[in-house]
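Let's take a walk through this one together. Have the sequence and the 3D view open side by side, and follow along.

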Amino acid sequence: MIPRGYGPGASFCPRCAAALPGPAPTTCARCRYQLFVNARPTVGLVILDRDPPDGAVAEPSRPDLRFLALRRAAEPMRGRWETPGGFCDGFEHPAEAAVREAREELGVSITLGDHLGMYVGSYEFQDEILPVLDNFYLATLDDPHVVLDPAESAELSWFSLVDPPPLAFATMDAAVRDAVRRLGG
Ligand SMILES: [Zn+2]
């Protein structure tokens with residue numbers, strides 16, 4: 001058993017370490033600590049290879065708009081393609097986290113576009129499955145000279161927005177589909 005989990009499987013009070021009476025939301029019988037488990041905010045980026053012109057651009061007849069994907073160098077889902085992104089830190093706004101994550105993972109600044117949507121997903125971390133709330137943004141690179149962080153990414157590629165590879169997490173697949181819908185509308 002994993003002691004003191006912080007995911008939905010938490011079985012011990014994070015304040016006093018007593019066994020919890022049941023899954024969260026619950027109240028510790030010893031210290032009355034109320035435990036809630038919420039989806040943690042993350043950001044994801046659908047980075048386009050150029051600014052989309054107004055109007056329909058990503059319909060199947062126009063499969064030329066491409067998005068940036070990274071091949072994961074670390075677990076979970078090592079070797080799978082993903083969109084750049086990561087967890088928000090503390091009180092950081094997702095838009096700020098998106099710019100920071102791009103700087104860290106790609107070594108360049110980006111221009112953020114529309115907020116595509118929020119997606120509830122799951123993320124395996126330290127032997128727990130955690131609920132995450134993925135905020136996806138459209139973006140473009142300010143500088144094409146990307147420098148990958150080898151600890152995070154093994155490779156970079158551009159894929160057609162309307163014919164993407166299976167991505168590491170289902171929320172990424174959903175966000176790319178919504179980007180097509182957004183840009184095609
Ligand atoms: Zn307690």
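What follows goes from the overall layout to the core, then to a few backbone details.

Two housekeeping points come before the tour. Residues are numbered from 1 along each chain as its sequence is written. You're looking at a predicted model, where local features need pLDDT of at least 70 and side-chain atom pairs count only at pLDDT 80 or more, while totals for chains, interfaces and linings use all residues.

Start with the big picture. The protein has two helices and nine strands, and here helices (H or I, at least four residues) and strands (E, at least two) are DSSP runs, numbered from the N terminus. Reading along the sequence, you get β-β-β-β-β-β-α-β-β-β-α. Along the principal axes, the C-alpha atoms fill a box of roughly 60 × 35 × 30 Å. Of the 185 residues, 28% are buried. A residue counts as buried if 20 or more other C-beta atoms lie within 10 Å of its own, exposed if 12 or fewer, and partly exposed in between, with C-beta atoms placed from the backbone. As for contacts, two residues make one if their C-beta atoms, placed from the backbone, lie within 7 Å. Among contacts between residues at least 6 apart in sequence, 60% join residues at least 24 apart.

Now for the domains. The assignment gives domain 1 (1-37) and domain 2 (40-184); such bounds come from an automatic or database domain assignment. Taken over C-alpha atoms, the two centres are 33 Å apart. Where they meet, six residues of domain 1 are in contact with five residues of domain 2. On the domain 1 side, that comes to three nonpolar, three polar and no charged residues. For this tally, Ala, Val, Leu, Ile, Met, Phe, Trp, Tyr, Cys and Pro are nonpolar, Asp, Glu, Lys and Arg are charged, and the others, Gly among them, are polar.

So what's inside? A nonpolar core is a set of buried Ala, Val, Leu, Ile, Met, Phe, Trp, Tyr and Cys residues joined through C-beta atoms within 7 Å. The largest one here has 33 residues, and Val46, Val176 and Ala179 touch the most other members. The elements giving it two or more residues are strand E3 (40-48), strand E4 (66-72), helix H1 (94-106), strand E7 (110-125), strand E8 (128-141) and helix H2 (170-184). H2 supplies the largest share, six residues.

Pick out Val176: leaving aside residues up to four places away in sequence, Val176 touches Val46, Phe67, Leu161, Pro164 and Leu167.

Next, follow strand E3, which is mostly covered, with seven of its nine residues buried. E3 runs parallel to E8, joined by nine bridges, and pairs in the antiparallel sense with strand E6 (residues 85-87) over three bridges. Strands pair, by this count, if DSSP finds at least two bridges between them. Thr42 shows both sides: Asp134 stands opposite in E8, and Phe87 is the bridge partner in E6.

Over in helix H1, find Arg100. Why is Arg100 called partly exposed? Because Arg100 has 15 C-beta neighbours inside 10 Å.

Finally, some backbone details. A cis peptide bond joins Ala24 and Pro25, with omega about 0 degrees, and Pro25 sits in the segment before strand E1 (26-27). Another cis bond runs from Glu75 to Pro76, with omega near -5 degrees; Pro76 lies in the loop between E4 and strand E5 (81-82). Arg32 has phi near 70 degrees and belongs to the loop between E1 and strand E2 (34-35). Asp127 has a phi of about 65 degrees and is found in the loop between E7 and E8. With 9 other C-beta atoms within 10 Å, Asp127 is exposed as well.
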